[in-house]
Amino acid sequence: MNQPCHQHAIPRRLVQQPLSELTDRLRARSRKVTGQREAILDVLRRHANPLTNREIHAALRGSGCDLATIYRTMHTLLGMGVVRRCDFGDGVARFELATGDAHHHHLVCRACGMVVEVDDCFPAALEEAIARRHGFVGIAHRLEFFGVCPRCQDPEPGPPKAP
Ligand SMILES: [Zn+2]
Ligand SMILES: [Zn+2]
(Lines give C-alpha, C1' and ligand atoms only; values in the text may rest on other atoms or scores of the structure.)
(Ligands and ions follow the chains in the order given, each with its own letter.)
Protein backbone atom coordinates (compact mmCIF):
# COMPACT_ATOMS: atom_id res chain seq x y z
CA MET A 1 0.00 0.00 0.00
CA ASN A 2 1.29 3.43 -0.92
CA GLN A 3 -0.02 5.89 1.64
CA PRO A 4 1.26 9.46 1.45
CA CYS A 5 3.35 10.61 4.36
CA HIS A 6 1.08 12.68 6.58
CA GLN A 7 3.59 15.53 6.67
CA HIS A 8 3.36 15.86 2.91
CA ALA A 9 -0.38 15.82 3.19
CA ILE A 10 -0.39 19.15 5.04
CA PRO A 11 -1.42 21.87 2.59
CA ARG A 12 1.57 23.97 1.64
CA ARG A 13 0.06 27.32 2.63
CA LEU A 14 -0.39 26.11 6.22
CA VAL A 15 3.27 25.26 6.52
CA GLN A 16 4.61 28.36 4.90
CA GLN A 17 3.67 30.99 7.41
CA PRO A 18 5.05 29.34 10.55
CA LEU A 19 8.18 28.39 8.67
CA SER A 20 8.95 31.97 7.68
CA GLU A 21 8.22 33.06 11.24
CA LEU A 22 10.62 30.41 12.44
CA THR A 23 13.42 31.45 10.08
CA ASP A 24 12.88 35.09 11.10
CA ARG A 25 13.22 34.05 14.70
CA LEU A 26 16.34 32.00 13.91
CA ARG A 27 17.82 34.93 12.04
CA ALA A 28 17.08 37.30 14.91
CA ARG A 29 18.61 34.80 17.31
CA SER A 30 21.77 34.39 15.24
CA ARG A 31 22.03 38.18 15.03
CA LYS A 32 21.82 38.31 18.80
CA VAL A 33 24.39 35.51 19.22
CA THR A 34 26.72 37.19 16.72
CA GLY A 35 26.33 40.48 18.57
CA GLN A 36 27.19 38.83 21.89
CA ARG A 37 30.25 37.16 20.40
CA GLU A 38 31.44 40.41 18.87
CA ALA A 39 30.91 42.30 22.15
CA ILE A 40 32.98 39.70 24.05
CA LEU A 41 35.77 39.69 21.45
CA ASP A 42 35.81 43.49 21.62
CA VAL A 43 36.27 43.40 25.39
CA LEU A 44 39.18 40.95 25.01
CA ARG A 45 40.69 43.14 22.28
CA ARG A 46 40.62 46.19 24.55
CA HIS A 47 42.33 44.41 27.46
CA ALA A 48 46.01 43.51 27.43
CA ASN A 49 45.55 40.79 30.05
CA PRO A 50 43.58 37.56 29.80
CA LEU A 51 40.16 37.97 31.44
CA THR A 52 37.94 35.72 33.50
CA ASN A 53 34.28 35.16 32.61
CA ARG A 54 33.32 37.41 35.54
CA GLU A 55 35.62 40.17 34.38
CA ILE A 56 34.13 39.95 30.88
CA HIS A 57 30.66 40.04 32.45
CA ALA A 58 31.59 43.15 34.46
CA ALA A 59 32.97 44.83 31.34
CA LEU A 60 29.71 44.10 29.50
CA ARG A 61 27.45 45.30 32.31
CA GLY A 62 24.35 46.93 30.94
CA SER A 63 24.48 45.06 27.64
CA GLY A 64 22.02 42.38 28.78
CA CYS A 65 24.64 39.64 28.49
CA ASP A 66 24.24 37.43 31.58
CA LEU A 67 27.01 35.30 33.09
CA ALA A 68 25.52 32.04 31.77
CA THR A 69 25.53 33.46 28.25
CA ILE A 70 29.17 34.46 28.63
CA TYR A 71 30.16 30.98 29.87
CA ARG A 72 28.34 29.42 26.92
CA THR A 73 29.77 31.87 24.40
CA MET A 74 33.34 31.45 25.67
CA HIS A 75 32.92 27.69 25.27
CA THR A 76 31.84 28.21 21.65
CA LEU A 77 34.63 30.73 20.91
CA LEU A 78 37.17 28.28 22.37
CA GLY A 79 35.84 25.55 20.10
CA MET A 80 36.09 27.91 17.13
CA GLY A 81 39.73 28.62 18.04
CA VAL A 82 39.02 32.36 18.26
CA VAL A 83 40.07 32.59 21.89
CA ARG A 84 42.68 30.81 23.94
CA ARG A 85 42.38 29.69 27.53
CA CYS A 86 45.07 30.52 30.06
CA ASP A 87 45.60 28.67 33.30
CA PHE A 88 47.33 30.67 36.01
CA GLY A 89 47.04 27.88 38.55
CA ASP A 90 44.28 29.45 40.65
CA GLY A 91 41.47 27.35 39.22
CA VAL A 92 39.95 30.26 37.31
CA ALA A 93 39.87 30.10 33.51
CA ARG A 94 41.08 33.22 31.73
CA PHE A 95 40.66 34.01 28.07
CA GLU A 96 42.54 36.01 25.48
CA LEU A 97 42.23 36.41 21.74
CA ALA A 98 44.01 33.74 19.74
CA THR A 99 45.98 35.87 17.32
CA GLY A 100 47.55 34.18 14.33
CA ASP A 101 50.19 31.49 14.64
CA ALA A 102 52.65 33.38 16.82
CA HIS A 103 51.77 32.26 20.33
CA HIS A 104 53.12 33.71 23.52
CA HIS A 105 53.29 32.81 27.17
CA HIS A 106 52.58 34.71 30.35
CA LEU A 107 54.63 35.75 33.33
CA VAL A 108 52.29 36.22 36.29
CA CYS A 109 53.12 38.07 39.51
CA ARG A 110 52.22 35.89 42.49
CA ALA A 111 51.69 38.93 44.71
CA CYS A 112 49.54 41.30 42.63
CA GLY A 113 48.46 39.14 39.69
CA MET A 114 50.02 41.43 37.08
CA VAL A 115 50.49 39.62 33.77
CA VAL A 116 53.33 40.16 31.30
CA GLU A 117 53.26 38.65 27.83
CA VAL A 118 56.42 36.68 27.10
CA ASP A 119 57.49 35.88 23.56
CA ASP A 120 60.15 33.40 24.64
CA CYS A 121 59.43 29.73 24.19
CA PHE A 122 61.48 26.57 24.42
CA PRO A 123 63.04 25.36 21.15
CA ALA A 124 60.71 23.63 18.69
CA ALA A 125 63.23 20.78 18.49
CA LEU A 126 62.47 19.92 22.13
CA GLU A 127 58.75 19.69 21.43
CA GLU A 128 59.38 17.54 18.36
CA ALA A 129 61.70 15.29 20.37
CA ILE A 130 59.04 14.84 23.08
CA ALA A 131 56.41 14.02 20.44
CA ARG A 132 58.70 11.57 18.62
CA ARG A 133 59.74 9.81 21.81
CA HIS A 134 56.10 9.05 22.65
CA GLY A 135 54.84 8.57 19.11
CA PHE A 136 52.61 11.66 19.22
CA VAL A 137 51.66 13.95 16.35
CA GLY A 138 49.98 17.35 16.40
CA ILE A 139 51.70 18.30 19.63
CA ALA A 140 51.10 21.69 21.29
CA HIS A 141 51.87 23.10 24.71
CA ARG A 142 50.77 25.49 27.39
CA LEU A 143 53.33 27.20 29.54
CA GLU A 144 52.99 29.95 32.12
CA PHE A 145 55.67 31.50 34.32
CA PHE A 146 55.16 32.77 37.86
CA GLY A 147 57.24 35.13 39.98
CA VAL A 148 57.21 38.42 41.88
CA CYS A 149 57.10 41.62 39.81
CA PRO A 150 59.50 44.58 40.38
CA ARG A 151 56.82 46.65 42.11
CA CYS A 152 56.03 43.87 44.57
CA GLN A 153 59.75 43.38 45.37
CA ASP A 154 60.07 47.00 46.48
CA PRO A 155 58.77 47.43 50.05
CA GLU A 156 58.83 51.26 49.83
CA PRO A 157 55.63 52.24 47.95
CA GLY A 158 53.80 49.29 49.50
CA PRO A 159 52.66 46.40 47.33
CA PRO A 160 49.22 46.76 45.81
CA LYS A 161 46.59 44.66 47.50
CA ALA A 162 45.77 41.35 45.84
CA PRO A 163 42.32 41.50 44.20
ZN1 LIG B 1 53.25 42.26 41.52
ZN1 LIG C 1 55.43 28.28 23.52
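A residue counts here as buried if 20 or more other C-beta atoms lie within 10 Å of its own, as exposed if 12 or fewer do, and as partly exposed in between, with C-beta atoms placed from the backbone. This is a predicted model, where local features need pLDDT of at least 70, side-chain atom pairs count only at pLDDT 80 or more, and totals for chains, interfaces and linings use all residues. Residues are numbered from 1 along each chain as its sequence is written, while chains are lettered from A and ligands numbered from 1 in the order in which they are written.

**View 1. The whole protein chain, element by element.** There are six helices and six strands in the protein chain. Helices (H or I, at least four residues) and strands (E, at least two) are DSSP runs, numbered from the N terminus. Read from that end, the order is α-α-β-α-α-β-β-β-β-α-β-α. Of the 163 residues, 12% are buried. Take the contacts with a separation of 6 or more, and 54% of them come from residues 24 or more positions apart; a contact means that two C-beta atoms, placed from the backbone, lie within 7 Å.

**View 2. Helix α4 and its buried side.** This helix covers residues 67-80, and its 14 residues reach 20 Å from first C-alpha to last, close to the 20 Å expected at 1.5 Å a residue. (That expected span is 1.5 Å times one less than the number of residues.) Which residues of α4 are buried? They are I70, T73, M74 and L77. They sit on the same side of α4, because they cover an arc of only 105° around the axis, the arc being that of the directions from the helix axis to the C-beta atoms. As a reminder, an α-helix has 3.6 residues a turn, so residues three or four places apart point the same way. Turned away from the buried side is a face with the exposed residues A68, H75 and G79.

**View 3. V33 and T69.** V33 belongs to helix α2, residues 12-46. With 14 other C-beta atoms within 10 Å, V33 is partly exposed. V33 and T69 are 36 residues apart in sequence, yet their C-alpha atoms are 9.3 Å apart in space.

**View 4. The open sheet β5-β4-β6.** Three strands line up in that order, with mixed pairing. Strands β5 and β6 (144-147) are at the edges with a single partner strand each, so one side of each has no neighbour in the sheet. From one strand to the next the twist averages 25°, with axes being lines fitted to C-alpha atoms (for helices, over the stretch in contact) and angles running from 0 to 180 degrees between N-to-C directions. Strands pair if DSSP finds at least two bridges between them. Strand β4 (residues 105-109) is antiparallel to β5 (residues 115-118) over four bridges, with H105 opposite V118. β4 and β6 run parallel, also joined by four bridges, and E144 is the bridge partner of H106. The β4-β5 hairpin has five residues between its strands, and G113 in the turn shows a positive phi of about 85°.

**View 5. Around C109.** C109 is part of β4, and it counts as buried because it has 20 C-beta neighbours inside 10 Å. Leaving aside neighbours within four places in sequence, C109 is in contact with M114, G147, V148, C149 and C152. F145 is 36 residues from C109 in sequence and 8.8 Å from it in space, C-alpha to C-alpha.

How values were computed:
Expected span 1.5 Å × (residues − 1).
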